[in-house]
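Thanks for asking me to look this one over.

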Amino acid sequence: MKAFLLWLRSWLTAFLSSPTNSRTLLSGATAVEKADARQLTGKTGTNYQQTQPCPGSSDAALLGDALTLAGQLRGKTLRIPDLRKTFADWPCATNKHAKKLEGLVDSMLERIISDERKLRALKRADFARLLALWYPDAEWEELVIATAYSVWIFVWDDEVDAGDTAVSTDEELTRVYARQSRNYVRQALGLDEGSDAQAGGKHDGEEAPNTNMVLFTDVGRGMRTTTDLVQRKRFFRELEYFMLQVGIEHTHRLRGSIPSTEKYMEIRSGSVGCAPQISITDYMLRVRLPESIMESEAMKSLWRETVIICLVLNDIYSVQKEIAQGSFFNIVPVMFKNSPPENQKDLESVTAEFMAVLEESMRTFETAVDNLTKMTADDAQLSTDTQAFIKWCRYFITGVLEWSLESRRYGMAKCIQEDGSLSIPF
């Protein structure tokens with residue numbers, strides 16, 4: 001356990017070398033596809049439509065490690081302590097526009113979703129509650145943009161993960177979907193060479209991969225008028241990397257393959273989609289931290305730990321839903337598979353392992369906070385703005401925690417015990 005935590009810390013320090021994973025990012029369809037091929041062996045572009053598991057499907061639809069895990073986990077129960085107590089000292093609040101957000105989210109979903117079944121499911125998820133928790137201090141103008149972006153990314157990700165779309169059952173279509181989305185996003189943010197930064201380009205030659213992209217058009221329009229080029233490039237780099245890792249994760253899902261815990265953490269740190277959300281924090285707060293702070297080691301650490309904590313929370317609360325859909329690319333099955341055989345009789349060792357990761361990340365998060373506080377102590381306005389950024393990272397985490405427990409998307413309400421702990425049956 002200690003060795004894994006030390007490895008995780010050293011790997012993330014090297015991997016996320018800036019608040020925006022600033023190692024050379026891939027651009028263009030060919031580069032992304034080559035990266036995908038480098039990280040996974042085997043033939044790409046194969047149609048797996050006949051073997052992709054769907055909600056309610058039997059084990060016969062599963063492949064490889066996923067099929068093995070289905071049998072090993074069936075009948076087991078995952079027990080999670082009351083994490084509200086773990087984060088009891090962290091702030092949690094709700095935006096004054098919470099009720100108004102409900103109507104906004106529903107109207108956006110109705111604009112882009114024509115399938116009534118999917119529309120009902122997405123509305124039941126209550127994304128408005130999540131946004132109200134994430135941005136309790138934000139003004140309405142920023143909330144509209146954040147809502148368009150958040151609804152867009154949830155629907156975009158579901159298109160790949162749901163198992164009931166053409167994109168979700170074909171690796172080649174997934175790559176095309178990601179490439180078209182990436183190009184569309186870049187143009188919407190006004191980042192293409194020669195494009196009008198205010199107009200954001202006209203998406204010449206790039207067809208929107210689906211109707212969901214209309215929401216990102218709104219995002220781009222809003223951000224172009226209120227953010228600078230550096231901010232938008234940072235946002236785009238995080239989205240680009242998110243899309244790349246979603247593709248790699250998707251291939252693992254299709255093939256039923258489960259990587260090592262270390263490799264899983266590498267992929268999931270990108271595909272969980274937290275870093276793009278963090279990258280719009282200063283926009284949402286109406287502050288602009290200098291690049292000397294944004295690129296500091298302390299800020300990099302704050303981003304890393306925020307991503308790790310949210311990754312763990314998202315995975316453990318969504319695991320029942322994902323396994324029911326035939327997906328075992330989740331921290332719980334991954335840690336279970338990679339644990340020694342003697343620890344696979346129950347899931348207690350898995351709980352101990354992800355709790356150790358969570359607790360270590362919380363400690364490192366606080367160290368980053370202390371360092372940022374010291375760095376900005378001599379400038380009153382900079383200190384105020386930096387503390388607002390830090391506070392939002394806490395809101396982001398407690399928002400994920402509260403919403404995940406409440407939302408019908410994951411169904412955790414029925415798993416909560418009298419002492420606040422959870423018992424999640426598989």
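The points that follow go from the overall picture to single residues.

1. A word on the whole first. Please keep in mind that this is a predicted model. The protein has 19 helices and two strands. Of its 426 residues, 58% count as buried.

2. Now the two strands. Strand β1 covers residues 77–80, and its partner β2 covers residues 422–425. They pair in the antiparallel sense, over four bridges. Threonine 77 is opposite proline 425 of β2. β1 also has two faces: Leu78 and Ile80 are on the covered one, while Thr77 and Arg79 are on the uncovered one.

3. The nonpolar interior is worth a look on your screen. In soluble globular proteins, nonpolar side chains tend to be buried together. Here the largest nonpolar core has 125 residues, and Trp152, Phe216 and Phe354 touch the most other members. Which helix gives the most to this core? That is helix α16 (residues 297–324), with 15 residues. If you centre the view on tryptophan 152, you will find that it touches Val185, Asn212, Met213, Leu215, Phe216, Leu239 and Met243, leaving aside residues up to four places away in sequence.

4. Aromatic rings come next. The structure holds 18 aromatic pairs. One of them joins phenylalanine 87 and tryptophan 90 edge-to-face, at 5.2 Å centre to centre and with 85 degrees between the planes. Phenylalanine 87 and tryptophan 90 are both buried. Another pair, phenylalanine 216 with phenylalanine 235, is stacked, with 6.2 Å between centres and 15 degrees between planes. Phenylalanine 216 belongs to helix α10 (residues 213–226) and phenylalanine 235 to helix α11 (residues 229–255), so this pair ties together parts that are 19 residues apart in sequence. Phenylalanine 216 and phenylalanine 235 are buried as well. They also belong to one aromatic cluster with Tyr149, Trp152, Trp156, Tyr177 and Phe242.

5. Two charged side chains sit over tryptophan rings. The charged end of lysine 100 is over the ring of tryptophan 140, 4.3 Å from the ring centre. Arginine 394 places its charged end over the ring of tryptophan 90, at 4.8 Å from the centre. Tryptophan 90 is thus also the partner of phenylalanine 87 in the edge-to-face pair.

6. Last, two backbone angles to check. Most residues other than glycine have a negative phi, and most peptide bonds are trans. Aspartate 126 has a positive phi, near 60 degrees. Aspartate 126 is in the loop between α6 (116–124) and α7 (127–134), and it counts as partly exposed at 31% relative accessibility. Arginine 286 also has a positive phi near 60 degrees. Its place is the loop between α14 (281–285) and α15 (291–294).

Conventions:
Residues numbered from 1 in each chain as written. Predicted model: local features only at pLDDT ≥ 70, side-chain atom pairs only at ≥ 80, totals over all residues. Heavy atoms only, no water. Phe/Tyr/Trp six-rings, centres within 6.5 Å; stacked < 30°, edge-to-face > 60°. Buried < 20%, exposed > 50% of the residue type's maximum accessible area, 1.4 Å probe, protein only. Lys NZ or Arg CZ within 6 Å of the ring centre and 35° of its normal. Core = buried A, V, L, I, M, F, W, Y, C linked by side-chain atoms within 4.5 Å. Contact = heavy atoms within 4.5 Å. Pairing = 2+ DSSP bridges.
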